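Here are my comments on the model, as numbered points. They start with the overall counts and move on to single elements and residues.

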Amino acid sequence: MSTAATTFGSPNLAPASHSFPSCRLLSHGFTVAANRRVSHASARASPAAPRRRPEYVPSRIDDPNYIRIFDTTLRDGEQSPGATMTSAEKLVVARQLALLGVDVIDAGFPASSPDDFRAVRSIAIEVGNTPVGGHIPVIGGLARCNKRDIDAAWDAVKHARRPRINTFIATSEIHMQHKLRKTPEQVVAIAREMVAYAGALGCPDVEFCPEDSGRSNKEFLYHILEEVIQAGATTITIADTVGSNLPVEYGKLIADIKANTPGIDNAIISTHCHNDLGLATANTLAGAYAGARQLEVTINGIGERAGNAALEEVVMALKCRPELLDGMYTGINTHHITMTSKMVQEYSGLHVQPHKAIVGANAFAHESGIHQDGMLKYKGTYEIISPDDIGLTRANDSGIVLGKLSGRHAVRSVLVELGYEISDNEFEDFFKRYKEVAEKKKRINDKDIKALLYDEIFKPKLNPSVGSNNMPGGASGHVLGSLETAHGTSTSQQQ
């Protein structure tokens, strides 16, 4: 799709056809990438060619702009209180994650329970050997730095074409002293030995995570990471385990590790950010900007405590702002985001809030009259992402939701959608009554609109001697009457 850089005030900013790219955003320097005047049909006929996913090599990525997406919904996400899934449910979600196009599926913690072992093993056998669009994801299993956990992880994931063991040990002073009760020297020795042990079992892909990296001493991190890379670690995960880092702080941590860790060029740097301060997505993007090339995320941002970085937020940010993120891209098929989100909500029992970014019920809905007017004129005024781009089909093309804040333009557009054409005078009478009803009802649906039309426009024409306001079957009977039943109060009491 051809685009042109257009400054503010240009008459070409909004295409006459209302066609728009996936992301309609300000680029650096206060310019906008705007479509030329093309139709929806021509825009669909010549989409931008997707960039090819590089061949998988555990310790390197041949395209420096490619970002691996490591999904830990089935492991860290399942650690959310009340979010446990059966092995059968986890297999279904894993298939969907493969369809979504994630690079790595963190399938579970095999040593934690027999059922989780079976789940990881079945995912490794089925999903880990079945190409989806020519792509087979890496299947990983979590293990603490001990032989029992690593043995269980390997026994579960070794059936995959691309198996990975993800092992970890805490490196912050508070964790080493109070949880592990070990010295830094002991921690380094354990990490080095267990990474080497995982490799000796035959696992070609070993990820090491210094737990609580965000609160660890940097010099100690450089040292332990050098040791595990020498022992065979192919991916190094820098974890903001308690979600305490700020983006500038976390980005600098990644940059410092990249600059000061001997041998770091022989491994991929990964992020793993929790959302305790609401900064998981921001920290993840800061880490990517600083040099991390694997990002650990979950569907809907589920995870321990306040959750993890949300896959849909991270991926769409990368897709929408490549000009500020050095052209980074992923292999995610974003058209499967909505379906994957709904599946995870169903199986985990964790439903997203309506205002959740990307996948919330209100993310592509507009009730304010000012916003509705803009959306009806050009969608780029209030939407930076096309709902089609995440596989979302909404009830009407502009996402109009009628309520008390809706204006004339939006209400009239809904009437037209429903097939009703009325005169300007008739509309003014209808709109006045609409506002009275909308003040007493959170949302107005098509049935309410039809009832109001009948009461205010059509019924008076059939019976001109009776005014609509004193009809027993008027709008108050059709619409406000339902409110009285629902709330157990009369209209006069509400007034």
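**Notes on the predicted model**

1. The chain's secondary structure amounts to 17 helices and 11 strands. The model is predicted, and what follows should be read with that in mind. Of its 495 residues, 52% count as buried. The chain exposes about 22,200 Å², and carbon and sulfur atoms supply 54% of that area. Taking the contacts between residues at least 6 apart in sequence, 70% join residues at least 24 apart.

2. Eight strands form a barrel in the order 4-5-6-7-8-9-10-11, with parallel pairing. From one strand to the next, the twist averages 25°. Helix 8 packs on this sheet and touches strand 9 (235-240) and strand 10 (268-273). The direction of helix 8 makes about 160° with that of strand 10.

3. Strand 5 (residues 104-108) pairs with strand 6 (residues 138-144) in the parallel sense over four bridges, and Gly108 stands opposite Gly141 of strand 6. Strand 6 is joined to strand 7 by six bridges, again in parallel; here Arg144 has Phe168 of strand 7 as its bridge partner. Six bridges also join strand 7 to strand 8, which run parallel, and Ala170 is placed opposite Glu211 in strand 8. Strand 8 and strand 9 pair in the parallel sense over two bridges, with Phe208 opposite Ile236 of strand 9.

4. How many residues of strand 7 (residues 163-170) are buried? Eight of its eight residues are, and the strand is mostly covered. Pro163, Ile165, Thr167 and Ile169 point one way from the strand, while Arg164, Asn166, Phe168 and Ala170 point the other way; all are buried.

5. Strand 8 (residues 206-211) is largely enclosed by the rest of the structure, because six of its six residues are buried. Both of its faces are covered. Val206, Phe208 and Pro210 lie on one side, and Glu207, Cys209 and Glu211 on the other. Two glutamates, Glu207 and Glu211, are therefore in the buried set, each with under 20% relative accessible area.

6. Helix 10 (residues 311-320) lies across strand 4 (68-71) and strand 11 (294-297), running at about 145° to strand 11. This helix is mostly covered, with eight of its 10 residues buried. The buried residues are Leu311, Glu312, Val314, Val315, Met316, Ala317, Leu318 and Cys320. Which elements cover them? The cover includes strand 4, helix 2 (87-100), helix 9 (280-290), strand 11 and helix 11 (337-348).

7. Helix 12 (residues 369-377) has Gly369, Gln372, Gly374, Met375 and Leu376 as its buried residues. Helix 13 (408-417) is part of what covers them.

8. Arg181 has a phi near 55°, a positive value, and sits in the loop between helix 5 (173-180) and helix 6 (184-200). Asn300 has a positive phi of about 65° and is found in the loop between strand 11 and helix 10. Is each of these buried or exposed? Arg181 is exposed, because its relative accessible area is 70% and the limit is over 50%. Asn300 is buried, because its relative accessible area of 8% is under 20%.

9. Val248 belongs to helix 8 (residues 247-260), the helix that touches strand 9 and strand 10. Val248 counts as exposed because its relative accessibility is 67%.

10. Phe458 is in helix 15 (residues 446-462). At 30% relative accessibility, Phe458 counts as partly exposed, because that value falls between the 20% and 50% limits. Leaving aside residues up to four places away in sequence, Phe458 touches Tyr420 and Leu453.

Note on methods. Residues are numbered from 1 along each chain as its sequence is written. This is a predicted model: local features need pLDDT of at least 70, side-chain atom pairs count only at pLDDT 80 or more; totals for chains, interfaces and linings use all residues. Side-chain values use heavy atoms; hydrogens and water are left out. Buried means under 20% relative accessible area, exposed over 50%, partly exposed in between (1.4 Å probe, protein chains only). Contact means heavy atoms within 4.5 Å. Two strands pair if DSSP finds at least two bridges between them. Axes are lines fitted to C-alpha atoms, for helices over the stretch in contact, and angles run from 0 to 180 degrees between N-to-C directions. Accessible areas come from the Shrake-Rupley method with a 1.4 Å probe; for residues, only the protein chains shown count as cover.
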